[in-house]
Amino acid sequence: MEVRLQKFLAEAGIASRRKAEELILAGKVKVNGVTVTELGTKIDDKKDEVLYNGKRVTLSEKHVYIMLNKPSGFVTTVKDQFNRPTVMDLIKGVKERVVPVGRLDYDTSGLLLLTNDGELTYKLTHPSKKVEKTYIAKLFGRPDDKNIQEFRRGIMIDTGMTQPAKLEILEDLGKYCVCKITITEGKNRQVRKMCDAIKHPVATLQRVGTGEIELGDLKKGAYRYLTEKEIKYLKSL
Ligand code: URA
């Protein structure tokens, strides 16, 4: 079947479709011995030989979907340029070539999905998809009603105005407040920047939900395979 090269790379679990485009533009992909840097290039997934970094790329037969409870102190990448521990170190038992769906900061903990289903990664990380991501954040001080309204309208951060978000106070600990924060985008350090903007910076941050998928009582550093119901839900988004 004829398929676009970036889609093929994504389906093979090499990277998300967007990242695959970058790999193509960077000249890391060869088709039948020739480096291809054209994004529109179509290949025959049965006949053509695709090499990424010199290795043959084939479609994985089985898609796997994993939820990891990422501890802070791990980088969300397949290989870190500074040799810091990565989330891949925590899923050593998984033989399929899964990649993280989106990113959690080095100091953020919680729910991180990983899969070799490039199409799903593409869908879930696409800005148009507005999937709710829920966080439990310990913030310095106590946001007031005006701050909650600001979140509701969207907050100006370095990259522009955010989409409307939710901020709910769960517990007042005096110096800190435990809050539930819900956003629908995945801009770089978005929750931290939004909280900086209302002058209640983040002390700790944990993601507890992606849409209807919940972290639940999965232990820090542990992972589990998603249930059929969870997979079906994610594919329906
Ligand atoms: N927002 C952040 O600031 N950090 C994360 O890791 C996720 C969302």
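View 1. A disulfide is a covalent bond between the sulfur atoms of two cysteines; here the criterion is a pair of cysteine sulfur atoms within 2.5 Å. The closest cysteine sulfur to that of Cys179 belongs to Cys177, and at 4.9 Å it is too far for a bond. The disulfide count by this rule is 0.

**View 2. The largest nonpolar core.** Such a core is a set of buried Ala, Val, Leu, Ile, Met, Phe, Trp, Tyr and Cys residues joined through side-chain atoms within 4.5 Å. Among its 32 residues, the ones touching the most other members are Val98, Leu114, Phe151, Leu167, Ile181 and Val191. Elements supplying at least two residues each include β7 (65-70), α4 (145-153) and β14 (176-183), where strands (E, at least two residues) and helices (H or I, at least four) are DSSP runs numbered from the N terminus. β14 gives the most, with 4 residues.

**View 3. Around Val98.** Beyond its neighbours within four places in sequence, Val98 is in contact (heavy atoms within 4.5 Å) with Val64, Ile66, Met88, Ile91, Leu114, Thr115 and Asn116.

**Notes for all views.** Residues are numbered from 1 along each chain as its sequence is written, and side-chain values use heavy atoms, leaving out hydrogens and water. The model being predicted, local features need pLDDT of at least 70 and side-chain atom pairs count only at pLDDT 80 or more, while totals for chains, interfaces and linings use all residues.

Definitions and conventions
Buried means under 20% relative accessible area, exposed over 50%, partly exposed in between (1.4 Å probe, protein chains only).
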